[in-house]
Structures are given as C-alpha cells and as structure tokens.
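Visitor: I'd like to go through this one slowly and ask what the terms mean. Can you show it to me?

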Amino acid sequence: MASLGTLGSMAHLVGASGSSLTRSVSTSEASQHERKLLGMQRITCSSRNYGREREQRQSGNSSERPQGNARDVRRIKQAPGATKWTRIEDRELGEGGAGRRGNGGDERRDARRAFIPRTATNISSHRAVAVVRLMRIEEGGAFVDVLSGEGDSSWADEMAYVGRTLGFRVPELDLRGRRLVTDVVAGVVRWKRYLDFLIFSFFKLDVRDYDRMEPLLRQILRVGLYELIKLEMPPHAVLNETVQLAKVALRAGAGNLVNGLLRAVVSHQDAGTLPVPVLEGDQRSRARALATIHSHPVWMVRMWLTQFGEEETVRLMECNNQRPTFSLRANSARGVSRQDLIAELDKLEVSHMESPYLPDFVRLSIGMQDVLRSGLLQNGSIAVQDESAGLVVSVVDAQPGDTIIDCCAAPGGKALNLASRLNGQGKIVAVDVNEGRLRILTEAAEQQGVGDVVSSCHYDLRDYAAKAAGTADRVLLDAPCSGLGVLSKRADLRWRRSPEEMTQLAELQDSLLDAAALLVKPGGVLVYSTCSIEANENSERVAAFLSRNREFTAENVEGFVPPSMVSAEGFFVSFPHRHGIDGAFAARMRRSCEDAVQIQ
Ligand SMILES: C[S@@+](CC[C@H](N)C(=O)[O-])C[C@H]1O[C@@H](n2cnc3c(N)ncnc32)[C@H](O)[C@@H]1O
C-alpha cells in the first residue's frame, strides 16, 4: 500500500485507556428488545445503568477532580492509578451554549446544584448521541438496537444521559435524527473492522496504540469515516461537524486530529486511492483480507470459506452488512388476515411486499418505526417475526388438538405462532430456563389472544424432560445457538462470538436434543431448529443425535417449506444470500411407534 503519511502525534491519540467498563450483558437489556418486538409497552432507556457505572467510577476518583461542575469535567488521560480532569473551555461551546455564562460564578454554582449540563447548539445531535451509544456498546456491553422505536420518554432519558456523559447537552432530535442515530450506530458497529483498518493505515498505528486511544475519540473517528465512506454524506458537513464534536467533547487537539484524518480520507477517496487490503496468497491470507474488506472476524470468514467457497462467502457478508429487513405476521388468533394487515400498512403509508413463502407474512424494508408506533403490536393484531422462523413453525406442522412442547420457548415468537394454528384446541407447553424471558412470553400470549392454550414452565429442559417423558405429540427444540444466520439484524453479534463458544454450544445442543427426545410420544415428531447457518450446529448435531437415538428417523421437510430451502439431506435450510431471509435450520424427526413398548 502506498505510504499515506502519519497524521497527528501519538500524544493526541492516546488518552484514557479503555479501562474496566466491561460488564456482562444483562438479560434485562436483551429482554427490552424482545419486549419491543412483541409489542410490549414499557421500554426504558438502558443507558441509565451504564451512566450509573460511569458515575460510580468517576466518584471513586473524586479527589483528583478539579472543583466545579461535576458534569463539565472529563478524563483526558489515565496512567495507571491516576486520572486527570479538564473543564470544557467556554469558547468551545456555541451560541447560547455553556460558553455564554453571563454572570459567571452564580450561574456555574446554579448549574452545579441542579446538575444540568448546558446545551451546545453548535454540535450535531445525531453524532453526539451516536458516539455515546457506541461507547455504551463497546465499553459497557450494551446491545445494538436496530429498531429503536422507543417512545419519547426513552429518548429524553437517552438525551439526558448523553448530556451527563459528554458534559453538555445537545439539541433534541426529531424523528429523522433518531433514525439516523440508529443507522449510524448499527453501521459503525458492522463496519468496525474496516473503519479501524483505515484509521490504522492513515495514522500508522499498531494495535496496542489503538487500544490505548480514548474510547470517545475512537468512536468520533469511526462515525466520521462511516458517514463519509459508507453513507456518502457531503464531506463538507461531515468534516466540520465531526471536528467540532471532537473539539467540544474532548479538546482542540483532538479536533485537529479528526480534521487531519477526515481530510486525508476525502482526498484519497476523490483520487480513488483509499487503502485496500491486498487479496492474495493462501486461504488464510485471503480470509484476513476479506475479513477486513467486509468487516467480519477472520475465524468466521475462514469457516465460511471452507463451507461455502469465496464467492458465496462474499455474498453472505454483503447481506450481513445490509440494513435488515423485517417481516410481520398477521395474527389469525385475533382474526387478522394478511389482507387486513396490508390495509393497515396502506393506511400508515408503509410500503410492503407479500411474503413469497408464507401466506400470513408481509415484508417491510423501511417503516418499522411507524408500525411500532401504530399500536398493532400492542393490541396483538400482528407479531414481528422473520419468515425463517415462520418456516420452522411450518415444519412443526401443528394440528388442532395437539399437545406441543416448545423446549426453549422464550421469548415466544415460535410458540405463539404455533398457538395461533391450534384454533383454541390443544396446548402448548412453553419451557425455558430464563424466567424473565418466559414472563414476556406469558404477557405476549395474553396480548395475542392465545393465553388459554399456552402455559409456561420455568425449567431447565434437562430437568423437565424426566417429569414429562413421552407426553407430547410434537416437540420443538429451538436451541440456543451462535445466531450467525441473523447477523444483519444483530449488528454486534459477529464481534461477540468466538470459535471456543461454537464448541461449547455444540455440546449444549447435544444435551438439549437428548432431553427433548424424551418428551416425544411414540410416533410423535421432534423438530430441532437454530438460527445458525453452521453445519456443526445443524446437520452435524442431527447426525450425532440420530446415531445416539436409533428410535428416531429423519423425515424430509418437502411440502412444509419451499423446495429451494430443502437440503440434500431433507432438512430446512435458509441463507440470507440465497433466500433473502434470515439464516435458519430445521430438521424433522419421528419417533418410531414400536418404542411405545419401551416407555410402558
Ligand atoms: C433461540 S432462543 C429461543 C427463541 C424462541 N424459540 C422464540 O422463537 O422466541 C433459545 C432459548 O433457550 C433457552 N435455554 C437455554 N438453555 C436452556 C435450558 N437448559 N433449558 C431450557 N431453556 C434453555 C434460553 O433461555 C433461550 O430463551
């Protein structure tokens, strides 16, 4: 690669280390997303937790703080055991902002008492909110929310949190601005590896230097690059506003550094000389280059190269990097047909397309926020569900009167779809080890008008199986999995997974499959499904199960799903790059009738 010259000095780059903000991902945060998809009302701003953590860390170092408004200070450099704080320079804030401090001392004292940071009117709000959200995701382990249809109170919480984190407030965001935040955050997370490659290339950093860069500066650089290169926003606006954010949120030197990088990128972009990883050599080297170009972990790319070859791997990664599309299920249990749903979408002026695969599903590419606000989810008329999940339900083929055990049921997408097919006759036992998620399922069952056929059972499946052996006509095991089939919807998931986890998951899947098998009546059906596209979580688990459990045989899923989604072995497989829906897998197996003798 041609020399790009080194921009800025390391003194500007290396600020606060990405210290000990990591926390385990709380189930409550996962649940918020799930509640939203299921149309639950109260979605609170989870940033408050991160805010509290940050405040606790800050107050732990109170002796080192300068006196003054606690919100006007921020850490600029952290050597082990030492934290320095700086005050925002008045002149850095815009008209009407904290820079206009009138009678100085009094106002500062008032602000300190009220802990209300002032508003910086010269900062673009969407960028300020995006960088703080990105810090929460990277430093605090928060989830990326690709829907972000929260109500005004959540946004007010988030804006206040941004104010507390940055030390100044930014003007409120309108609907467009909020959507932009969601898009920028998900995009930066997806493209992180590629954006970092550009930063490395232009600054000539090594990984250690990069790890020591101030988290806020790193996010500001990424956001600027993403907007320039991937969103192709007008360079002038991106440059000015991103530099201003760095100056006000950090210091003048940080603004200069951002300015240097973005200007260099714009001129290389215009000249068509942006650095590109070289795609050559053996599979390992090509995997590394592809992983950077398409921003995925190298181990994942290597796994897919072996499984799919290069051309398909690239197409898969391109799909994973796209904005996700969503689909809706018309809830027949509430008497809603697809035509009714389409009429509602027309009223909302949300463009849509009928699913080519399922008679009760409709696809949306944009407009999900409008649907979330419409009340259709809350009154149980519709459910948000990917078509791949709907097709797994088709493979189960629930019939009125059936007793169905959904072994890993929460938060309930498939269980509630199954329930809607029973016409009030039969029952669904929804088992899950996670009590919080099960509560969401129970509430959603009531909301969707299937509460009388769904009962929830808070159990580890392996304990429950012994209690209810041989009682179900159909058993669905929608197993915990890597989720590598849903990477466009879960922007951060690719960075959270590891090869070691894949091995552990396979062991868990084996033990859950053996437990689920116990529940099936002689002659009954067992469906094993995942939202993964990896053979070692899918067909290999089924093959291993069938060799351990000779009383089960695989049944071809032909007739339950479109022919293009039936694998050579007769399993249901969907891939984002082949079918335009999430990646998923389902195998249908039947227990032999002769097995009845053994159970008695
Ligand atoms: C892929 S999710 C299920 C999604 C669900 N079927 C749906 O359609 O909404 C996997 C679920 O398995 C549950 N789980 C994990 N280990 C379990 C165990 N040992 N026993 C029961 N449930 C378990 C998790 O709590 C999680 O809710």
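Visitor: What makes the crossing of helix 5 and helix 10 right-handed or left-handed?
Guide: Helix 5 passes helix 10 in a right-handed crossing. A crossing gets that name if the near helix is turned clockwise from the far one by less than a right angle, and left-handed if anticlockwise. Bear in mind that this is a predicted model: local features need pLDDT of at least 70, side-chain atom pairs count only at pLDDT 80 or more, and totals for chains, interfaces and linings use all residues. Residues are numbered from 1 along each chain as its sequence is written.

Visitor: Why is helix 5 called oblique to helix 10?
Guide: Their axes come within 9 Å and cross at roughly 120°. Angles under 35 degrees count as roughly parallel, over 145 as roughly antiparallel, 65 to 115 as roughly perpendicular and the rest as oblique. So helix 5 is oblique to helix 10.

Visitor: How do you know which residues meet there?
Guide: Two residues are in contact if their C-beta atoms, placed from the backbone, lie within 7 Å. Among those that meet are Val 131 and Leu 134 in helix 5, and Gln 219 and Ile 220 in helix 10. The contact divides into eight nonpolar, one polar and three charged residues. (Ala, Val, Leu, Ile, Met, Phe, Trp, Tyr, Cys and Pro count as nonpolar, Asp, Glu, Lys and Arg as charged, and the others, Gly among them, as polar.)

Visitor: What makes helix 10 and helix 12 parallel or antiparallel?
Guide: The axes of helix 10 (residues 215-229) and helix 12 (residues 252-271) cross at roughly 25° and come within 10 Å. That makes helix 10 roughly parallel to helix 12. This contact has twelve nonpolar, two polar and no charged residues.

Visitor: What makes the bond between Ala 410 and Pro 411 cis or trans?
Guide: Omega is about 5° there, and the bond is cis. Pro 411 lies in the loop between strand 7 (403-406) and helix 19.

Visitor: And what stands out about phi of Ser 295?
Guide: Phi is near 55°, a positive value in a residue other than glycine. Most residues other than glycine have a negative phi, and most peptide bonds are trans. You'll find Ser 295 in the loop between helix 13 (283-293) and helix 14 (298-308).

Visitor: How many residues surround the ligand?
Guide: 18 residues do, and the closest include Cys 408 and Asp 478. A residue counts as near if its C-beta atom, placed from the backbone, lies within 6 Å of the molecule. By class, the shell has nine nonpolar, three polar and six charged residues.

Key
Axes fitted to C-alpha atoms, helices over the stretch in contact; angles between N-to-C directions. Helix = DSSP H or I, 4+ residues; strand = E, 2+ residues; numbered from the N terminus.
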